[in-house]
Amino acid sequence: MDAIILKYLEISSTQESEVEILLKGILDKLLKGKEPTPQPAVKSISQAEVEALVEAKIREHAATLEYTKKDSPEQNQSADQDDYTLTPKQIEYALSLIDKIKNEFELAIDPSALTIKDLNRLIAYNRYKNKGTLVNLVKKGVLRKR
């Protein structure tokens, strides 16, 4: 390290080339890096400010919980039932699937009353040809035998 410092002093006293300027910059950064960095001043917070912040956070948390309690029963109920109404395009598709089984079954309800669950059962029958899915639709009252 002493040899580097001596070289640094020699470089600074003689005429400097580009390489020497580079070395000088590197050495400056190395030597200045060992100096302690100034620490930012720590601002003290009074007891009243801490209490005000805690109180505000508690109120915010209570409001969030209250808002969540109001919305959660409706969301859980609709998600569990899985009885959503269909879009017009989905209704057309469901009617086309029912049309394929029109020799044995017919639609017993209004097409706008079909649900996603009913459509999924019709798709399952179309894919796997399992009569049990149609029997379930008859039990539910969506289809009736001819």
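1. The face of α5 turned away from its buried side carries the exposed residues Arg127 and Tyr128; exposed stands for over 50% relative accessible area, buried for under 20%, and partly exposed for what lies in between (1.4 Å probe, protein chains only). The model is predicted, so local features need pLDDT of at least 70 and side-chain atom pairs count only at pLDDT 80 or more, while totals for chains, interfaces and linings use all residues. Residues are numbered from 1 along each chain as its sequence is written, and side-chain values use heavy atoms, with hydrogens and water left out.

2. The buried residues of α5 are Asp118, Leu119, Leu122 and Tyr125. Seen down the axis of α5, these buried residues fall within an arc of 120°, so they line one face of the helix; the arc is that of the directions from the helix axis to the C-beta atoms. Their cover includes α4 and α6. Helices (H or I, at least four residues) and strands (E, at least two) are DSSP runs, numbered from the N terminus.

3. The end C-alpha atoms of α5 are 18 Å apart, which agrees with the 18 Å that its 13 residues should span at 1.5 Å a residue. The expected span is 1.5 Å times one less than the number of residues. Helix α4 (residues 88-100) also has 13 residues and reaches 19 Å from its first C-alpha to its last, close to the 18 Å expected.

4. In α4, Ile91, Ala94, Leu97 and Ile98 are buried. They cover an arc of only 120° around the axis, which puts them on the same side of α4. The face turned away from this buried side carries the exposed residues Pro88, Lys89, Glu92 and Lys100. Among the elements covering the buried residues of α4 are β1 (105-107), α5 (116-128) and β2 (143-145).

5. The largest nonpolar core has 16 residues, of which Leu122, Leu134 and Leu143 touch the most other members. Such a core is a set of buried Ala, Val, Leu, Ile, Met, Phe, Trp, Tyr and Cys residues joined through side-chain atoms within 4.5 Å. At least two residues of this core come from each of α4, β1, α5 and α6 (131-140), and α4 gives the most, with four. Neighbours within four places in sequence aside, Leu122 is in contact (heavy atoms within 4.5 Å) with Ala94, Leu97, Ile98, Leu134 and Leu137.

6. Lys129 lies in the loop between α5 and α6 and counts as exposed at 51% relative accessibility. Lys129 has a positive phi of about 55° although it is not a glycine.
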